[in-house]
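Student: I have a structure open here and would like to go through it with you. Could we start with the pockets and then turn to the helices?

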Amino acid sequence: MCGCRASIPSTKHYSVNPAPTTKSPPATAGMPKRIPIAKQLASIKALEKGSDLEKAFATAALVYNNSADPEGKLSKAETKSLLQTQFSRFIQGQENKPKYQEIISALDEEPEKKIDFEDFMISLVSLALLSDLLQEIKNVKSTK
């Protein structure tokens, strides 16, 4: 990872929405209700007329912030879990690629070590660039 520390911790913290293929755990008494990412995104006035790219980035930031600790960081183990649950369609089938193994091995080393949003995004983008799904996305026709 780059080791940069330029990210600013968020003052809002929510729970991450579960991956579409998993069931959410039963509500526990006294725990706050989960606020869906779409609702959190809609509450950001500056993005009311935001572009698709701006909203996509904001969604990634919200997913990260919902899982981060009060200092705005995730452990490497939490990062790996978040990527495996929230980014599974992009990493599916990549397990045998050396670069994928390198990224996951780095997360497995010192699993309690904390990483910031910038390092999370580097992992996210790196995994996306390896993905077969990215090639499929590139092949989608944008015009008739």
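Student: What volume does the second largest pocket have?

Tutor: In this model, which is a predicted one, the second largest pocket has a volume of about 260 Å³.

Student: And which residues lie nearest its centre?

Tutor: The lining of the second largest pocket is made up of 14 residues, and those that lie nearest the centre are Ala-60, Gln-86, Phe-87, Phe-90 and Leu-124. By class, the lining residues divide into twelve nonpolar and two polar, with no charged residue among them.

Student: Which elements give two or more residues to that lining?

Tutor: Helix 2 (52-67), helix 3, helix 6 and helix 7 (132-138) each give two or more, and the largest share, four residues, comes from helix 2. In terms of domains, the lining draws at least three residues from domain 1 (35-67) and at least three from domain 2 (72-142).

Student: Switching to helix 3 and helix 6, at roughly what angle do they cross?

Tutor: The axes of helix 3 (residues 76-86) and helix 6 (residues 117-130) cross at roughly 35° and come within 11 Å, and the crossing is right-handed.

Student: Which residues meet there?

Tutor: From helix 3 there are Thr-79, Leu-82 and Leu-83, which meet Phe-120, Ser-123, Leu-124 and Leu-127 of helix 6. The residues of this contact divide into five nonpolar and two polar, with no charged ones.

Student: Now Lys-80, what is it in contact with beyond its neighbours within four places in sequence?

Tutor: Lys-80, which lies in helix 3, is in contact with Ile-104, Leu-107 and Asp-108 once those neighbours are left aside.

Student: How many residues apart in sequence are Lys-80 and Asp-108?

Tutor: Lys-80 and Asp-108 are 28 residues apart in sequence, while their C-alpha atoms are 8.0 Å apart in space.

Note on methods
Residues numbered from 1 in each chain as written. Predicted model: local features only at pLDDT ≥ 70, side-chain atom pairs only at ≥ 80, totals over all residues. Heavy atoms only, no water. Axes fitted to C-alpha atoms, helices over the stretch in contact; angles between N-to-C directions. Left-handed = near helix turned anticlockwise from the far one by under 90°. Contact = heavy atoms within 4.5 Å. Nonpolar A, V, L, I, M, F, W, Y, C, P; charged D, E, K, R; others polar. 1 Å grid on protein atoms, 1.4 Å probe; cavity = no way out; pocket = protein on both sides within 12 Å on 5 of 7 lines; lining within 4 Å. Points joined across faces, edges and corners; volume = space filled by probe spheres on them. Domains from an automatic or database assignment.
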